[in-house]
Amino acid sequence: MKRQDLRELALLRLKEAQVLFDNGCWAGAYYLAGYAIECALKACIAKRTERFEFPDLKRVKSSYTHDLVELLRIAGLTTLLTEAVPSDHELALNWAFVTEWSERAQYEQRSEADAAKILEAVQNRRYAILPWLKKHW
């Protein structure tokens, strides 16, 4: 899979999440919004992979996770996010909420409030997570 594919998937999953939300499917909207961030983080990881590089096996294996905090670390963005947080409290709040997501959300019921909150944290606010990640993918 190429970095551009991951970028497109991030945007597609977010669009699908919004469609589900608009049609009252809160759990599905929540679930896909989290996957949008996962795809965006994996695009950031792909950006760091050099052409003709023989990738580090540990990094490759670690990238096959759904853990957003771990993906942020592998993408090399933890320090950048930490540095951005003191001047951007809203970004920190959005990241904190988004990191509550996991792939287990597919088995959970979610409220309209949960779905609205993750969509807001991912895309709508001035300091949303996806626009921040787009700067690094």
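Let me start with a definition. A patch is made of residues with over 30% relative accessible area and no salt bridge, where like charges are joined within 9 Å and nonpolar side chains (Val, Leu, Ile, Met, Phe, Trp, Tyr) within 5 Å. Accessible areas come from the Shrake-Rupley method with a 1.4 Å probe, and for residues only the protein chains shown count as cover. A salt bridge means a side-chain nitrogen of Lys or Arg within 4 Å of a carboxyl oxygen of Asp or Glu.

Two notes on the source. This is a predicted model, so local features need pLDDT of at least 70 and side-chain atom pairs count only at pLDDT 80 or more, while totals for chains, interfaces and linings use all residues. Residues are numbered from 1 along each chain as its sequence is written, and side-chain values use heavy atoms, with hydrogens and water left out.

Now the patch. Leu57, Val60 and Tyr64 make up a nonpolar patch on the surface. Together they have about 350 Å² of accessible area. Leu57 belongs to helix H3, residues 57-63. Helices here are DSSP runs (H or I, at least four residues), numbered from the N terminus, and strands are E runs of at least two. Is Leu57 buried or exposed? Leu57 is exposed, at 56% relative accessible area. The cut-offs are these: buried is under 20% relative accessible area, exposed is over 50%, and partly exposed is in between, with a 1.4 Å probe and protein chains only.

Trp132 lies in helix H8, residues 129-134. Trp132 is buried, at 11% relative accessibility.

Next, the aromatics. A pair of aromatic rings is described by the distance of the centres and the angle of the planes. Rings of Phe, Tyr and Trp (its six-membered ring) pair if their centres lie within 6.5 Å; planes under 30 degrees apart are stacked, over 60 edge-to-face, and the rest tilted. How many aromatic pairs does a search of the whole structure find? It finds 4. One of them is Tyr30 with Phe97: centres 6.5 Å apart, planes at 85 degrees, so edge-to-face. Tyr30 and Phe97 are both buried.

Then there is Tyr35 with Trp101. Their ring centres are 5.0 Å apart and the planes stand at 75 degrees, so this pair is edge-to-face. It also links distant parts of the chain: Tyr35 is in H2, and Trp101 is in the loop between H6 and helix H7 (112-124), 66 residues apart. Both Tyr35 and Trp101 are buried. Ring pairs join Tyr31, Tyr35 and Trp101 into a cluster.

Stay with Tyr31 for a moment. Tyr31 and Ala105 are 74 residues apart in sequence, but 5.7 Å apart in space, C-alpha to C-alpha. Ala105 is in the loop between H6 and H7. Ala105 is buried, with a relative accessible area of 2%.

Back to Tyr30, and on to charges. The charged end of Arg110 sits over the ring of Tyr30, 4.0 Å from its centre. The rule asks for NZ of Lys or CZ of Arg within 6 Å of the ring centre and within 35 degrees of the ring normal.

With Glu108, the closest N and O atoms are 2.9 Å apart. With Asp114, the N to O distance is 3.4 Å. Glu108 is partly exposed at 31% relative accessibility, and Asp114 is partly exposed at 23%.

A search of the whole structure gives 6 salt bridges. Another of them joins Glu70 and Arg73, at 2.6 Å between the closest N and O atoms. These two are 3 residues apart in helix H4 (residues 68-74), about one helical turn.

Last, cysteines. A disulfide is a pair of cysteine sulfur atoms within 2.5 Å. The count is 0 disulfides. For Cys25, the nearest cysteine sulfur is that of Cys39, 20 Å away. For Cys39, it is that of Cys44, 11 Å away. Cys25 is partly exposed at 36% relative accessible area, and Cys39 is buried at 12%.
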